[in-house]
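Subject: Structure for you to look at

Hello,

Here is the structure I said I would pass on. Please open it and keep it beside you while you read the notes below.

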Amino acid sequence: MNNLDYCQHLFGKDTDGYIQVIKLHNGSALKIYNTRYKGLRAIVGKVKGQEDIYISSNTYYKPKRSSSYIRQFRSLYIDLDLKEYGKMEAVYEIYELINKNKIPTPSMIVDSGRGLHVYWRIKNAPYGAMWTWQELEDYLYKQLKNLGADIQATDSARVLRLPNTINSKIHKECKVLVINDDIEYSMY
């Protein structure tokens, strides 16, 4: 699985608005791409294998990344900073929470290099769904807090590492571990 599979999982022909791809260097934006769905394939192909590339999971009605400019909510996500768990142990714990009906089955799990990004693809919802989206995001955070969920990464304008790019902190490739295109949730 590659970064195109990742993008096709989160974004489709019904995607409206701008998707942001950012190249960071020493914590600062070195290059920012704001693209519509049609231009996404070319950009992710261009940045494949590069260090510290991030992508937004939701879209914006202006080419500017801000929660106030959300056009479509495309997914819920949790960034797990694994300090006390190994990656496979964390995946096992995620599935234990699913079996206990604490969380729904993720549609995608990504190895970010040092941790995991867990995604729940949702039927696109407009900016007006902000409060519902945030309540669901907060719920998922609380359920996954013991695994190392990062509270800083629970805002709607968050960017997360793009698969098939390199985490420069540990020189490892970010890669998709699990993807299930048959899973798509409604926020309601």
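Two residues are in contact when heavy atoms of theirs lie within 4.5 Å. Bear in mind that this is a predicted model.

Next, the largest pocket. Its volume is about 580 Å³. Lining this pocket are 26 residues, and the closest to its centre are Tyr-54, Asp-79, Arg-114, Arg-161 and Lys-169. Sorted by class, the lining holds 10 charged, eight polar and eight nonpolar residues. Strands β1 (19–25), β5 (70–80) and β8 (159–161) each contribute at least two residues to the lining.

Helix α2 covers residues 37–47, and Leu-40, Ile-43, Val-44 and Val-47 are buried in it. Viewed down the axis of α2, these buried residues fall within an arc of 95°, so they line one face of the helix. Lys-38, Arg-41, Ala-42 and Lys-46, on the other side of α2, are exposed. Among the elements covering the buried residues of α2 are α1 (3–10), β1, β2 (28–35) and β3 (53–56). Just after α2 comes Gly-49, with a positive phi of about 85°.

- Ser-57 sits in the loop between β3 and β4 (59–60). Is Ser-57 buried or exposed? The cut-off for buried is under 20% relative accessible area; Ser-57 has 1% relative accessibility, so Ser-57 counts as buried. Leaving out residues up to four places away in sequence, Ser-57 touches Tyr-6, Leu-10, Phe-11, Arg-74, Ser-75, Tyr-77, Tyr-119 and Arg-158.

- Asp-150 is in the loop between α4 (130–144) and β8. Which residues does Asp-150 touch, not counting those up to four places away in sequence? They are Asp-79, Asp-81 and Tyr-141. The C-alpha atoms of Asp-150 and Gly-113 are separated by 15 Å, and the two residues are 37 residues apart along the chain.

Regards

Notes. Residues numbered from 1 in each chain as written. Predicted model: local features only at pLDDT ≥ 70, side-chain atom pairs only at ≥ 80, totals over all residues. Heavy atoms only, no water. 1 Å grid on protein atoms, 1.4 Å probe; cavity = no way out; pocket = protein on both sides within 12 Å on 5 of 7 lines; lining within 4 Å. Points joined across faces, edges and corners; volume = space filled by probe spheres on them. Helix = DSSP H or I, 4+ residues; strand = E, 2+ residues; numbered from the N terminus. Nonpolar A, V, L, I, M, F, W, Y, C, P; charged D, E, K, R; others polar. Buried < 20%, exposed > 50% of the residue type's maximum accessible area, 1.4 Å probe, protein only. Arc of directions from axis to C-beta.
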